[in-house]
Amino acid sequence: MTKHEIADVLNEIALLLELKGENPFKIRAYQSGARVIESLEQPELERLLAANELLTVKGIGEALAKKIAELHTTGKLEFLEKLRATIAPGLVELLQIPGVGPKKIKVLHEQLGVVDIASLAAACADGRVAALAGFGAKTQEKIVAGIKNREAYGRRHLWWEAWQVAQPIVAGLRALPQVKRAEAAGSLRRGLETVGDLDFIVSATEIEPVVSWFVGLSDVQEVTARGETKTSVRFVTGLQADLRLVPDEQFIFALHHFTGSKDHNVQMRQRALARGLTLSEWGLEPVTAATSESSASPSSSLTAAAGAGEAAAPRARRPKRAGAPADAASGDPARGSVATEADLFARLGLHFIPPELREGMGEIEAAEHGELPTLVDLPDLRGTFHCHTTASDGRNTLAEMATAAASAGWEYLGIADHSKSSFQANGLTEQRLLEQVEAIRVFNASGRCRTHVFAGTECDILPDGRLDFDEALLRKLDYVVASVHSTFALDEAAMTARIIRAIEHPCTTMLGHLTGRLLLRRDGYRVDAGKIIDAAIAHGVIIEINAAPKRLDMDWRHWRKATARGLLTSINPDAHETAELAYVRAGINTARKGWLTKAQVFNTRSLAEVKAAFLARRRAG
DNA sequence: GCCGTTTTCGGCCCGACTGTTTTCAGTCG
């Protein structure tokens with residue numbers, strides 16, 4: 001069983017336990033177990049299982065280790081079979097409805113016999129839901145709307161599309177006279193490949209004008225929440241956005257809180273607690289009787305609670321708000337000196353952690369030891385490869401693409417049109433490719449454009465692993481991107497062997513989109529990424545980060561380990577028109593999330609260095 | 001269910017918003 005399958009099982013157990021109303025900490029243990037398994041490489045997992053050392057992994061205890069071993073050897077898990085049998089299968093999908101959680105599902109199931117979305121809709125239709133204790137007309141109304149819209153609401157959005165929406169909103173917020181600072185936070189700021197909703201963090205002198213502007217945005221379809229510090233809207237596209245208003249002295253805490261992943265935030269808070277501090281979106285404060293009272297068991301700090309109870313009850317949990325007197329910054333050393341996120345990290349003994357790394361995947365330990373890399377950034381790029389022209393399925397000519405690259409300030413641009421087997425993309429025949437190579441030589445010689453153009457191909461990897469052009473022709477090119485575009489249905493072993501054969505070809509410079517996935521639309525073909533990475537390293541082949549927002553392939557989760565072993569990447573936009581050259585911005589997200597430095601990205605090299613590398617490779621081949 | 005230079009038992013991150021209540025539970029992030 002693969003690590004993904006094992007993780008899926010653990011997550012399913014967590015979901016089912018949630019529906020049963022189990023101890024939330026037990027549920028969390030299964031979820032974190034799933035994440036830990038995902039973060040291991042398959043061979044490492046195999047080794048741990050074989051050596052019976054799963055218990056050495058943090059987050060895996062006796063119970064999980066036993067279940068994982070059972071899954072691995074038998075492919076099944078008795079515990080899960082039994083658990084499934086106790087829960088109506090249709091109840092799981094009810095969790096997709098906003099505002100409906102495990103507790104409500106339990107009541108709906110036990111009192112109304114609801115077993116799936118259809119029976120819930122029926123119960124709403126005749127008013128039985130509104131009549132339940134703890135429910136009401138509004139709840140029923142929300143459930144009806146949630147059922148109706150669950151497809152649009154549940155959808156995630158490509159990072160690039162969310163970014164297009166968010167940028168003008170941030171600019172608009174900053175332009176308001178009441179606004180002091182405004183940022184987009186959330187998974188968007190972390191550069192995640194898909195985004196669930198948008199989070200805007202704003203500090204302002206006045207609340208009302210900012211909220212009014214926000215809910216008045218032209219694409220707002222519905223205002224779903226409007227409170228003192230949080231306002232939520234739903235756009236016509238189904239994308240949801242939260243606006244959070246905080247006093248300026250708390251801006252950094254809110255920004256950090258709403259940027260980090262759940263795991264990152266939990267780890268940061270635990271770190272704060274270990275230092276006698278409590279961290280929240282409101283600030284960083286010493287742990288006091290009042291703050292510990294809310295979470296401590298009733299038996300603890302009885303004397304302190306008696307004293308703090310009457311006066312502090314409302315204030316302790318809700319420390320400061322927008323518009324409240326700004327007594328927070330004055331005189332409190334735990335908060336007063338935090339003016340930037342770097343200050344916040346420093347307060348906890350950490351180097352600054354870039355937003356892209358805040359996933360709770362080892363960044364805090366690295367920041368503690370000063371071992372965070374200096375991440376590659378957009379200005380480091382000096383050119384790119386894997387771009388198409390009208391010769392195959394692009395929409396701009398060679399000259400137009402080169403001119404656009406020059407406008408971006410790039411020293412070079414690699415053209416890689418499709419090869420002949422990609423009929424659907426108007427792939428080039430041998431003859432047309434030779435004509436294109438000649439056209440590129442002429443173009444470079446003309447001096448029309450200060451950006452040098454490299455002649456390449458995006459050469460199909462045929463089903464048996466051969467390349468679509470013969471070696472003699474490929475040797476006439478500057479470089480070759482080898483990609484799979486057909487026969488996706490091979491099993492993992494066959495697909496892996498196919499790609500490795502292409503990597504072993506002496507003319508292959510780069511491997512295109514490793515898995516062929518289309519985000520939110522189709523999974524990639526199954527490959528053993530570890531084996532392919534090893535082969536690429538052994539043969540000096542680059543694996544691209546295909547920066548097309550719908551691909552972002554190879555996935556960022558592989559890169560940290562891959563580059564530690566010596567893999568090189570190139571951030572390639574797979575541009576089919578001039579505007580799409582900007583996709584490298586999305587590829588930079590992937591690279592940064594993969595902890596990559598400038599040195600690990602081939603297209604940060606100068607024109608002379610790239611020419612030399614291509615020349616050396618041809619000689620070696 | 002996991003974990004431990006204060007613990008092998010008793011903790012486990014923190015707070016906002018809504019809807020339903022009349023002080024709080026459930027949900028969400």
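**Figure 1. Helices and strands of chain A.** Count up the secondary structure in this predicted model and you get 27 helices and 16 strands in chain A. The C-alpha trace stretches over about 85 × 60 × 55 Å along its principal axes. How does the radius of gyration of chain A fit a compact globule? It agrees, because a compact globule of 621 residues would have a value near 25 Å, and chain A has 28 Å.

**Figure 2. Chain A split into its domains.** Start with domain 1, which covers 3–154, then move on to domain 2 at 157–246. Domain 3 comes in two pieces, 259–290 and 323–372, and domain 4 takes 378–620.

**Figure 3. Where domain 3 meets domain 4.** Here 9 residues of domain 3 touch 5 residues of domain 4. Together the two domains bury about 650 Å², and carbon and sulfur atoms give 59% of that area.

**Figure 4. Charged and polar links between domain 3 and domain 4.** You'll find 2 salt bridges between these domains. Zoom in on Lys593 and Glu359: their side chains form a salt bridge, with N and O 2.7 Å apart. Polar contacts across the interface join 4 residue pairs. On the side of domain 3 that touches domain 4, there are 5 nonpolar residues, 1 polar residue and 3 charged ones.

Definitions and conventions
Residues are numbered from 1 along each chain as its sequence is written. Chains are lettered from A and ligands numbered from 1 in the order in which they are written. This is a predicted model: local features need pLDDT of at least 70, side-chain atom pairs count only at pLDDT 80 or more; totals for chains, interfaces and linings use all residues. Side-chain values use heavy atoms; hydrogens and water are left out. Domain bounds come from an automatic or database domain assignment. Contact means heavy atoms within 4.5 Å. Buried area is the accessible area (1.4 Å probe) that two parts lose on being put together, summed over both. A salt bridge is a side-chain nitrogen of Lys or Arg within 4 Å of a carboxyl oxygen of Asp or Glu. A polar contact is a pair of N or O atoms within 3.5 Å; within protein, one must be able to donate a hydrogen and the other to accept it, and residues adjacent in sequence count only if both atoms are side-chain atoms. Ala, Val, Leu, Ile, Met, Phe, Trp, Tyr, Cys and Pro count as nonpolar, Asp, Glu, Lys and Arg as charged, and the others, Gly among them, as polar. Helices (H or I, at least four residues) and strands (E, at least two) are DSSP runs, numbered from the N terminus. The radius of gyration is taken over C-alpha atoms; the globule rule is 2.2 Å times the number of residues to the power 0.38.
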